[in-house]
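Student: Please show me the structure, and then let us work through one residue and its surroundings.

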Amino acid sequence: MVTPSNRLLVLVGAIAMPATLLALQPGFAALGYGLIGVLALIAIFDAVKAPRRLDGIEARTADIVRLWKDRQGDVELTLRNPGRNQIQLRIGLPLPAEIVVQDEELAIVLPTASEFSRIAWACTPHKRGQYLIPRCAIERPSSLGLWTVRKTLPLQLEIRVYPNLAAERKKSPAFFKRGRLGVHGQRQVGKGREFEKLREYAPGDGFDEIDWKATARHGHPITRVFQIERTQEVYIILDASRLSARPVAGDSDAGDPNTTILERNITASLLLALAAEKQGDLFGLITFSDRVHGFVRARNGKAHYGACRDALYTLQPRLVAPDFDELFSLLRLRLRRRALLIFLTELDDPIVAEAFLRNVPLLRQHLILVGMAKPLGAQALFEGPPVAGLDDVYRELAGHLQWNKLRKLGRVLSSQGVRFSLLDADTLGPQLASLYIDFKQRQLL
């Protein structure tokens, strides 16, 4: 595309317009039309040669650029100049509105004797997800500067914006700053449940530790020795249905009043994955709404953490009801080994809670924890700030009734062997990690 430049517009105003007026005067018509013709020929000649100014210039970039939400990063672009001569360019990259850039367009100079030049856009994404950038645009003035020639260069750029865990890790327990389990000792309750070996009976061994079959076979008392479980399976089961689309309560320091419950649950899940890696456990991930969206088998290592992160960064809430029947059937079939199942779901809807309770017996072999972000205003009577009027009293009463219903739900879940925890949205991730560490220390799994 060739467009007129400001220089051409100035020349038209300074030469063509007076020449037109001059041509209307008797005796000066030839001179006026001559000036207009010369200007037109020069402009046409410059316009014909202008497209060749961008011949051979190509744009390349990495196939995948990884950024983190609310953290500044760079999107790098490499331009190829086969002529290796100095070129002045303007270049623009059509980034989405969710990625804020300091400069939408950059004026650059491709240096002499250099075939490849690298430029970078400093940008800050404010929403996680996947963004595809299919092209970029470049612009260069013509030889005489009367026109600007523009060209679109194809790209295959994929920008992945991941959740930002920096704020959550600052609130997290001190074990995130330590080494692996064993480097820093942790108190364990009990003697362990994983069988290690058989040995001869020693004074002080309890009768519950004697292996009676081995005793009968050897003719003298034989004791079973147990060790503390080191590698266990932990699964986060993440609800992405309609209730997860609600804004969180108490989002004072997030900087975004539109942060949803799902957003906090995603950061809590990745934080728990880091905690499980520190403890030497295997971490798995399941996402669902009205169907099961993803199943990542429990493993550990950096590559596995990357797989869990890739399964979560595009997850968005869906305006559907959760289907616990399909979810629990899948878990019953695919999880054979006893594991810690952490459900991040919202059970303040009676119908949803009833469906969850109906399916709990299918997973009795597992240790189940339900973590739920505390709804807005749900708290014991007058636990909040002092009331200032009658409206505040009614609001406190409504919050107390909701809080009391959740307490009753917790007792019902407890009778089914399910641990239920109401968590503050601002510290959901650190609280969840602390509960997991508590389960490890008490050897509940």
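**A serine and the sheet beside it**

Tutor: S289 touches D239, A240, S241, R318, V320, A321, P322 and D323, leaving aside residues up to four places away in sequence; touching means heavy atoms within 4.5 Å. This is a predicted model, in which local features need pLDDT of at least 70, side-chain atom pairs count only at pLDDT 80 or more, and totals for chains, interfaces and linings use all residues. Residues are numbered from 1 along each chain as its sequence is written, and side-chain values use heavy atoms, with hydrogens and water left out.

Student: Is S289 buried or exposed?

Tutor: Buried means under 20% relative accessible area, exposed over 50%, and partly exposed in between (1.4 Å probe, protein chains only). The relative accessibility of S289 is 0%, so this residue counts as buried.

Student: With which side chain does the side chain of S289 make a polar contact?

Tutor: A polar contact is a pair of N or O atoms within 3.5 Å; within protein, one must be able to donate a hydrogen and the other to accept it, and residues adjacent in sequence count only if both atoms are side-chain atoms. At 3.2 Å, the partner of the S289 side chain is the side chain of R318.

Student: Between which strands does the loop with S289 lie?

Tutor: Strands are DSSP runs (E, at least two residues), numbered from the N terminus. The loop that holds S289 lies between strand 14 and strand 15.

Student: In what order do the strands of the open sheet stand?

Tutor: Two strands pair if DSSP finds at least two bridges between them. The sheet has 6 strands with mixed pairing, in the order 15-14-13-16-17-18.

Key:
Helices (H or I, at least four residues) and strands (E, at least two) are DSSP runs, numbered from the N terminus.
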